[in-house]
Amino acid sequence: MNPMFEVAVVGGGVVGCAVARLLALHDCSVVLLEAGTDIGAGTSKANTAILHTGFDATPGTLESRLVARGYELLSAYAPTVGVSIEKVGAVLVAWTDEQAQALPSLITKAQSNGYNRANIIDSNTVYDLEPHLGPGVVAGLVVPDEHIIDPWSTPIAFATEAVANGAVIMRNFPVTRVHVGAEYTELQTADGQMILARYVVNSAGLYGDEVHRQFGFDGFTIVPRRGELIVFDKFARSLVNRTILPVPTAHTKGVLVAPTVFGNVMLGPTADNIDDKRATGSTKAGIAALIDKGRRIFPGLMNEEVTAVYAGLRAATEHSDYHLSSDAAARYVCLGGIRSTGLTSSMALAEETVIFLSACDFMPKRSDEVAKITLIPLGEVDDRPYQSGGRIVCHCERVTASEIAGAVTSSVPAVSFDGLRRRTRATAGRCQGFYCTAEICSLTGLQS
Amino acid sequence: MTAKRVEIVGGGPSGLSAAITLKRLGVAEVIVHEREPKAGGAPRHTEHLGFGIRDLHRVMSGPRYAARLVEMALAARVDLRLESTVFERPDCNALVVATGVRERPRSARLIPGDRPAGILTTGALQQLVQRGFPVGRRALIVGAEHVSFSAIMTLSHGGCRAVGLVTNHDRHQTYPPLKWMTATRHRVPIITGTDVEEIRGHGRVAEVALSNGQMIACDTVVFTGDWIPENELARHMGVALALDYPSPVIDENFATSLDGVFAVGNVAHRVKSADSCAVEGQRAARAVAAYLVR
């Protein structure tokens with residue numbers, strides 16, 4: 001007998017996890033189907049870790065509305081579940097007169113997006129705020145409400161809360177065949193696993209177009225856009241006070257420099273449209289381009305060691321906005337083309353899903369009693385377990401033995417070093433496991 | 001020196017040797033902070049002979065040497081504190097930073113490609129093999145320093161074959177006997193003047209592209225040497241670092257730019273053997289003792 005659920009959410013990235021969480025807070029049975037070995041391990045693990053106000057979105061788009069709403073929701077939610085956020089603010093830096101002339105139009109754009117706190121400052125003020133910027137700043141635009149956030153704990157928190165409220169997570173479940181029946185939809189994998197669900201939400205990210213076609217629909221095609229990122233040692237953190245944004249061009253939002261909640265500095269992303277949905281490797285050209293840009297923005301960055309280089313694929317499409325749709329007959333909701341802003345908009349997309357489902361005549365009641373969860377925060381500004389005397393195993397990131405052991409026994413457990421790293425920061429620091437790899441193998445049974 | 005207290009951060013060969021000598025010179029209280037559950041430093045994990053020659057005038061294995069230094073420290077009544085991490089400058093008459101050195105990992109070398117499992121440093125490799133964990137079947141070693149050749153032996157103990165040793169230098173940087181005992185004996189080709197261009201593999205390392213056009217099929221890559229001083233505490237305290245290599249600047253008495261703060265062993269200079277660091281620790285202890293009675 002195949003398992004049956006009222007709703008199946010296909011895709012366990014940050015969006016799918018947010019949807020599964022919100023549905024689990026209602027009186028209905030929910031399954032989250034993840035193709036990979038872990039949730040939050042695709043596009044969601046390789047973003048710029050910024051909680052956007054949405055000041056620079058295209059006014060009137062779904063993305064503009066949902067980023068603004070998602071920002072409100074996630075900035076309120078994160079502190080209640082142990083997801084670290086910091087309101088560091090951002091400065092958009094103009095390096096040429098031409099860029100400086102574009103700043104007033106960005107204020108207007110921000111206002112159209114409902115954001116009224118951006119303002120233009122001269123170069124002296126920019127250097128007062130960010131004394132380590134390289135030479136040549138012409139002017140700047142301050143966006144005081146931009147946040148940085150722990151991007152890995154966000155989907156983990158959603159998933160943990162979903163499970164605590166009865167949702168089931170099935171990993172290694174890549175949906176390759178869909179059959180919409182009269183009462184239930186069959187969702188199958190190539191290796192013969194099958195579940196039945198009355199309603200299906202497509203949050204399959206890079207593979208969203210393929211799932212959409214399985215339901216017999218068309219309308220968007222995913223063109224993976226690779227973004228490479230470089231993370232610098234924590235010693236670089238004192239160079240950067242705020243997120244430093246470039247003036248966007250028609251082609252790209254450009255390369256930014258941002259502090260991370262873990263106390264590092266991030267440089268990136270590049271933006272290359274590619275064909276291969278598995279090409280998450282960094283490239284020689286991408287790294288060289290970032291280093292070249294980074295050197296001009298913060299010359300001092302180049303004196304610091306790099307602790308990580310990685311690439312993520314954003315689920316871009318041929319359209320410039322998200323693709324959201326539903327079909328009452330197929331009892332189906334599609335959250336397609338959710339690009340890098342998906343982290344910020346995730347909780348708003350979950351709200352949107354509930355509205356779409358009600359249009360499909362599915363209106364579950366909000367549960368009277370819900371289980372609360374909280375994670376151990378991983379941010380530098382939060383209290384960390386090592387400060388109250390736990391045995392430190394990962395010295396670079398000061399991760400204790402009990403945090404590491406806990407990550408593999410939790411309700412949404414890590415099954416690999418990569419998963420452990422996202423849940424605890426262990427081995428994510430400057431030595432990359434030189435000291436602690438074997439001890440972690442002993443503690444967790446994971447293979448390095 | 002009856003009322004003086006010296007704290008030493010790091011329980012490796014230089015830190016323990018400094019502590020033992022300070023006690024012998026009559027310093028009342030000598031505390032060694034070792035952040036790991038066991039003291040002895042890097043030699044704990046180096047399961048081959050060649051340790052203790054310069055300081056103990058014997059030839060020992062790494063673990064035996066590490067254990068001997070700990071025994072001597074305890075016998076000398078050094079206050080050895082395990083699992084003790086020092087985050088801030090402690091209140092004491094003199095502080096000795098002996099925090100050692102680590103290998104530069106893949107990320108800091110800016111090597112492009114995928115991020116699969118199977119990418120290690122020698123430090124991690126030695127500990128994995130010592131604990132009996134699997135380390136793959138075919139490994140490419142990056143670097144051709146002493147430690148790189150040591151990695152050949154460690155891999156062999158772990159049931160993994162070294163399929164090549166690649167360095168961007170024109171030649172290897174080790175002693176001919178060590179090269180002979182390892183690379184020659186295990187028939188490991190040394191590829192010189194060559195960079196690692198890209199690591200490929202989903203899940204596990206599958207192949208490595210080299211700048212000479214070669215593609216190496218392997219499931220493990222070991223990044224060896226290319227050392228970085230473990231300078232977090234020193235830098236955090238505001239100790240001046242050298243410009244060409246990020247170790248604390250020290251004078252002939254091992255004194256750093258901060259009064260009362262000394263640095264010794266591999267944190268303080270380009271990497272040297274364990275026994276050389278131990279001898280240095282003994283010398284540093286005499287300098288610290290002189291400082292205490294200045």
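Reader: What makes the radius of gyration of chain A agree with a compact globule?
Author: The radius of gyration is taken over C-alpha atoms, and the globule rule is 2.2 Å times the number of residues to the power 0.38. With 448 residues a compact globule would have a value near 22 Å, and chain A has 22 Å, so the two agree. This is a predicted model, in which local features need pLDDT of at least 70 and side-chain atom pairs count only at pLDDT 80 or more, while totals for chains, interfaces and linings use all residues. Residues are numbered from 1 along each chain as its sequence is written, and chains are lettered from A and ligands numbered from 1 in the order in which they are written.

Reader: Why is α8(A) called mostly covered?
Author: A residue is buried if 20 or more other C-beta atoms, placed from the backbone, lie within 10 Å of its own, exposed if 12 or fewer, and partly exposed in between. In α8(A), 13 of the 18 residues are buried.

Reader: Where does helix α8 of chain A bend?
Author: The bend is the angle between axes fitted to the seven residues ending at a residue and the seven starting there; for α8 (residues 342-359) of chain A this is about 35° at Ala348(A).

Reader: How do you know that β10(B) and β11(B) pair?
Author: Two strands pair if DSSP finds at least two bridges between them, and β10 (residues 161-166) of chain B and β11(B) pair in the parallel sense over 2 bridges.

Notes
Helix = DSSP H or I, 4+ residues; strand = E, 2+ residues; numbered from the N terminus.
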